[in-house]
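Have the model open as you read.

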Amino acid sequence: MTAVDHMRRIFGYLWPRSLASQLIVLLLAAIFFAQALSIWIFHDERRIALVAAARDNLLARAVSIAELLEDTPLPLQSRILEASSSRFAVFWLGETPLARDPGQSRFEQRLQGILSKRLQHDQTVHVNIHADEKRGPKVRRTKDNDGDGSYSWRYVPKNERPPNLRKIMNKPEDLSLSIRMTDGRWLNVATSYRPPPGAYIPLLVQLGLTAVLTVLIIGFAVRRVTRPLKTLSVSAEKFGRGEEQEPLQLSGPREVQALTSSFNNMQDRLTRFVKDRTRMLAAISHDLRTPITSLRIRAEFIDDEENREKMIETLDEMATMTEATLRFARDEAHAEGAEETDLGAMLQGLAGDQKDLGHDCGLNLEKDVTLTCRPIALKRALRNLIENGIRYGGGVSIFAATTNGEVIIRVSDKGPGIPEDRLKDVFEPFVRLEESRNEETGGIGLGLAIARSIIHAHGGTITLKNGTASGLTAEVRLPTR
């Protein structure tokens, strides 16, 4: 088994079976995916907006501080710069500009123009942006001492560097600003603003509430659809077993009501059709009894003894077939109700009856083998299988067990078996293969046909299989409910 097959097997095992569970899982997956995509998109937009707002605020503050320093005595300037600095930005005055050259990009030039207009003393402004709002920090350019323009804090003389300059300039979202004062010094501003971490807890709470409401709403909606479908499924199963069902009430959405109505119509038509055929079969079998009896009486007056015996034998066989057919039709016309049945007790009774008659009949039975069935009909089907095996195989062994929601019954005989190409033929009415299994004529060929009809009416299956050396096994599988 390949890794792909193994993964498919695991996925198939974990994937829910019911319609409601599948819809809930798919909707939750769609919600989580959509929310994750929205968080990713809007979180990026939020970061861009915060960075832009922080940058504009810093530039406006730098202009105000530059104007303030022009009107402030020299001893107080250091205190103003210290009060203006924070953990995200540092202000200082020095002989060397932090941004050695004006920014060359269109955005940097636009910012430099705006700041120059706001300054009252027509000072020179250099703005260097070292990070892209969308893609984050740029790769710093390394230049030698002879290079023109630098984005590195290392070109600031050590005696002019503020204590936290290196820490600020080594973080993302860097911006360098230098404003030339009227006394020739440079007001330098270095910033490294990083937006605060996203508030994921409210988003997770929102996502959790959405998921809970989705489960509740979808669960209610799907339950409204699946409840009548489940009722329809149970009724169809019972109808397949031959139980008479009352017409189902129409409920649920319009499509489900249409399906229920179609099922009710189908059930009514099939029931009427089966009853009509059964009544017709019973009528034909009943009507044949009189002419067969009349012919038998006339046959008694034939002088030729050999012909008389053959005709009487044939008529007796026809009478037996007619009585069996009539009995089967009557049983079908008066179908019994289904009830919880102890299958073990039923099989023990059947095996005991055969032992009392001196036949070889073994029984291997698991404990507590029960199922819902029509006990009289099922008993007749099993009796036919057991008697068939004893008649043609000399003896039978019966095995019964419950596994995977179904009852398995095996009736194995010790006879010569049946040709493989005739295994299905023996289930047809009036088909006998006594020439293949025994020299004696046994029955009229309705036993297995009746057994199959009863087993199928219970929603089960029956199959015949030859043994390895000899013998034939009839396997019956019946649902437990």
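## Salt bridges across the chain

Arg410 is partly exposed, at a relative accessible area of 28% (buried means under 20%, exposed over 50%, partly exposed in between, using a 1.4 Å probe and protein chains only). This is a predicted model, where local features need pLDDT of at least 70 and side-chain atom pairs count only at pLDDT 80 or more, while totals for chains, interfaces and linings use all residues. Residues are numbered from 1 along each chain as its sequence is written, and side-chain values use heavy atoms, with hydrogens and water left out.

What does Arg410 form a salt bridge with? The partner is Glu475, with the closest N and O atoms 2.8 Å apart (a salt bridge is a side-chain nitrogen of Lys or Arg within 4 Å of a carboxyl oxygen of Asp or Glu). That pair links distant parts of the chain, since Arg410 sits in strand S11 and Glu475 in strand S13 (residues 472-479), 65 residues apart. Helices (H or I, at least four residues) and strands (E, at least two) are DSSP runs, numbered from the N terminus. Glu475 counts as buried at 19%. Glu406 and Arg477 join Arg410 and Glu475 in a network of salt bridges.

Another bridge pairs Lys414 with Asp360 at 2.6 Å, N to O. Lys414 lies in the loop between strand S11 (406-413) and helix H11 (434-437) and Asp360 in strand S8 (residues 360-365), so this pair ties together parts 54 residues apart in sequence. Lys414 is exposed at 55%, whereas Asp360 is partly exposed at 37%. The structure holds nine salt bridges in total.

## Helix H9

Buried residues of H9 include Leu343, Met346, Leu350 and Gln354. Down the axis, the buried residues of H9 fall within an arc of 165°, so they line one face of the helix. That arc covers the directions from the helix axis to the C-beta atoms.
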